[in-house]
Amino acid sequence: MIALLLAIITALFFPGIIIRVKSLVSGRKGPGIFQPWKNIFVLLRKSSVFSTTTSFIFQIAPVIYLASLVCALILLPVPGIPSRFGFGADFVLLAYLLALGKFFFIIGALDTGSSFEGMGANREALYSMLAEPAFFILFGTLALLTGHLSMQSIFEQFHLSGYNSMIGGIIAVYVLIQIAMIENSRMPVDDPKTHLELTMIHEVMILDHSGFDLALIQIGTNLKFALYGILIANILIPVTWALPYRIALFFGIQTAFAASIGLMESFRARKKMMKNPQFIVTLSSIALVGFILSLLMMYQLIR
Amino acid sequence: MENILITLPVFLSFVILFVPSKGRYYTTLFISLGIVLITSVPAVNVIFSKGVLPEIFHIATGLGSVTLSIDGLSAFFILVTNFTAITGLLYSKGYLEPYRSLKSPAQLSIHNFSYTWLHLSMLGVLMLRDGIPFLIAWELMAVSSFMLILFEAEKRATLKTAVNYLIQMHIGLVLLVIAFLLCEADTGSMSFDALKFYFSHHSNIGLFLLFFAGFAIKAGFIPFHTWLPEAHPAAPSHVSGVMSGVMIKMGIYGIVRVMTNVQSDLVTIGLIVLAVSAISGILGVMMAIVQHDLKKLLAYHSIENIGIIGIGIGLGAIGLGIHNPLLALLGFSGGLLHVLNHSLFKSLLFFSAGSVYQACHTRNIEQLGGVIHKMPVTAGLFLTGSLAICGLPPLNGFISEILIYLGLFQGLSTGTVYQSIYMLMAIISLALIGGLAIYCFTKAFGVVFLGVPRSETHTATSEVNTGMLFPQFLAGTLMFLIGMFPLLFLQPLARILVFLFQINMDLSWITIIRSISLVGKMGFFLIGLTFLLFLTRYWVLKTRNIRQGPTWGCGYTTGTARQQYTGTSFADAVAGLAEPILKTQKEDRPISEEEIFPAERSFATHPADVFRLGLNRLVDFLMLILKKLARLQTGNIQHYILYAFIFMILIFVLLYLKIL
């Protein structure tokens, strides 16, 4: 529950910081921090246009997308405070809840019968399929290092096991940031600012969503960023610190995460669509290297 | 008294052949319900009240006494079989309706008779423990399903597929016969119980692998799967549902049954099963993605799911081998629960695919589209099945998958370094299978049900009748039940396994139980939250001015249905990545330089199966040799007498030299 609360607070600032950093880097003043949320509130008040091709799938997809994200957030522990729902292999449930949201998001896009949205849906399905192993290898590594299976105890044990976990931590943070970028369709894979439907992924899938539904999807996207932010914070924030320091560090990390996304997007070009699968598979191999390294370390310890 | 009762359906089933066509369906239903009742009562008894001791019936026949035995494992499979067989029969009433005018009453009688016998023979396989009766039941199962596939025998392709199926089943049978004979040669008796004695003083791997290969042909593990993607689409949909839902699980039953008797080398056996299963899972789903035929796509998914079941069983065997009760329990319970889950969602998917076929008269995904507008209930049911087969919460597929995941993650840090690597490989393949399944079913559901119809001749007009929807609702309800109250199913299953494999249940199982019950609660929360959000949305949108309009086409307003994204283009990304395995054949004629005004073009892709191609090459090679041997067959009686004479001399010489 606390994770959900923190995620909502984080999500309030997150998109604003990214946009602000991007505009500052490009030499503009840029909109206020809360502009993205003002846009969402405008959308919430607007009326909707539905395509005649769509069916009830189109109506329930945004709702289930958001609901699955909220459920995933409830599962998350925050540094030092356990989640009520935590249990063994809860990260599997986390991954599959996100997958459920994605499933409905994809078929929601296909429901319009548009070839552009089909294209976007296809890319989304492919990229998330390729990113899935990286997430599981990462948690396999963490489970191996700590000997625990629930996210709560993995992260707790992780900070108590000293320098051994450092290597795992570095790789975990890197992989998680990249997965967050892929799952949220950000820069190296997708460019949220592109104007051509043919080169879009996320944006093209929501072409036909309007008003309330579009707002729900955008709220979901912001929460998804916060979800990965909290995961990263769990790895970086030592559980032994006092509560005020942990809170300060948490928001520091979220701000830094958002700012780094803004910086990355300012200086980096989107990859060619053809190169994206390679890039995502590379992530799995990096995670695999991390696994082998920690395996070697564990093996020496056992012997 | 009980003993007579249990053989009664065998005799009653012959009545179906003589009933006039008006009462045929209800006679079949009545007899099937009788079979279900007679076998389910002892099965439920074994699982719930009697605890764990097997129920045994001795039946005297002319050739001696036959023993039917229902222990926990059999009881579990019996209940799974009965449920799917009955839902299939209920569905068949509506599905066979259009065929009543096309087929002769005799053909329909034989079809119903074979269906009953498929059901009976599967139950026989599950209850018979002695080698010969077991093999007879196994053979009856192959023959009756062969008859069922032949339903549309007027199509040449169906005939060819059915014969191919029969031949492959017999290769499996030969392997099983050899395996049983090896056991008999050593122990003097031919039964599953004698295997225990054989395994106790022999190397276990060889005989187990022989059994595994024999059962794997039925179960459809890669590379033994080549009959499966052809036979399932050729059969009528209710038969595909039963074949994919339960008949191929008889192979799994056999593997587990043999495994209960294995005494040593369990780790190696587990690793082999794990490796074969992981490969089956990934390749199965990859091949599924590129299919154009909806039922063929589902058939390849059966291979994938058999892979998931196999990963669970392999994990369980490793757990037994390294004496880790938790690992064994997680692996086997995950695998066996997936048997139940797969039988539910796969039969549901085949039934709804059959409904689409009946309404649109094609199974080709590229010609369908927009079915949801005319058949919303079927679409909803297919969606439920899709979510379950992808292992998404809050449905049943997730429960079995998380059990296997739990076991694999647990296994990461409990064994040697090599075991950790194997476990991680299995985790990666399970994660990949999950991602690919989502890719595949967003394609299948999206292209078939969403958008607008791609072809005017294959447009659905109305929903199928309630009689066909009812069995699908039954399966769907059970799927939600398993997903949200997993403990109701998991705890009896665990009790069976504890007794079957003599596992000492330890305390950590309680934490697993807690995990799984939390997953169920999360399902409730998810559904509640969705409902709440939807109500809010409904309430907000009620006050708004809602307009309808065409789909945004980037300013282009006169698009046609054929410009929609097709299944082939959706699958193209994976087809491109996995080209070496998939070997998709493309029919394409590039524009040559001389062609100033290009003429009409066509483009077609044909998904191929490399294993099928390999098998064809093997058969071609055999045919070549056999053709050369055919020269001996001169048709001249003198030559044949000469052969017999040469043969006798050969025997004589061999005997003289004391070689024989």
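Helices are taken here as DSSP runs of H or I of at least four residues, numbered from the N terminus. By this criterion, residues 237–247 of chain B form helix α10, and Val242(B) is found in this helix. The model in which these elements are described is predicted.

Residues up to four places away in sequence being left aside, Val242(B) touches Thr84(B), Ala85(B), Gly88(B) and Leu118(B), together with Met247(B) and Ser347(B).

Chain B as a whole comprises 24 helices and five strands. Its radius of gyration, 27 Å, is close to the 26 Å that the globule rule gives for 660 residues, so chain B is as compact as a globular protein of that length. Along the principal axes, the C-alpha atoms of chain B fill a box of roughly 95 × 70 × 65 Å. Buried positions account for 52% of the 660 residues. When contacts in chain B between residues at least 6 apart in sequence are considered, 80% of them join residues at least 24 apart.

The contact between the two chains draws 67 residues from chain B and 62 residues from chain A. On the side of chain B that touches chain A, at least two residues each are supplied by α16 (396–412), α17 (417–449), α20 (508–542), β3 (547–549) and α21 (567–577) of chain B. The greatest contribution to this side comes from α20(B), with 16 residues. Classified by residue type, the side of chain B that touches chain A contains 43 nonpolar, 20 polar and four charged residues. Strand pairing also links the chains: strand β1 (residues 49–51) of chain A and β3(B) run parallel and are joined by three bridges. Within this pairing, Arg547(B) in β3(B) stands opposite Val49(A).

The mean pLDDT of chain B is 90, and 98% of its residues reach 70 or more. Among the elements of chain B, the lowest mean pLDDT (74) belongs to strand β1 (residues 55–61) of chain B, and the highest (96) to helix α15 (residues 376–389) of chain B. For the complex, the predictor gives an ipTM of 0.95 and a pTM of 0.94.

Key:
Residues are numbered from 1 along each chain as its sequence is written. Chains are lettered from A and ligands numbered from 1 in the order in which they are written. This is a predicted model: local features need pLDDT of at least 70, side-chain atom pairs count only at pLDDT 80 or more; totals for chains, interfaces and linings use all residues. Two residues are in contact if their C-beta atoms, placed from the backbone, lie within 7 Å. Ala, Val, Leu, Ile, Met, Phe, Trp, Tyr, Cys and Pro count as nonpolar, Asp, Glu, Lys and Arg as charged, and the others, Gly among them, as polar. Two strands pair if DSSP finds at least two bridges between them. The radius of gyration is taken over C-alpha atoms; the globule rule is 2.2 Å times the number of residues to the power 0.38. A residue is buried if 20 or more other C-beta atoms lie within 10 Å of its own, exposed if 12 or fewer, and partly exposed in between; C-beta atoms are placed from the backbone. pLDDT is the predictor's confidence in each residue, from 0 to 100.
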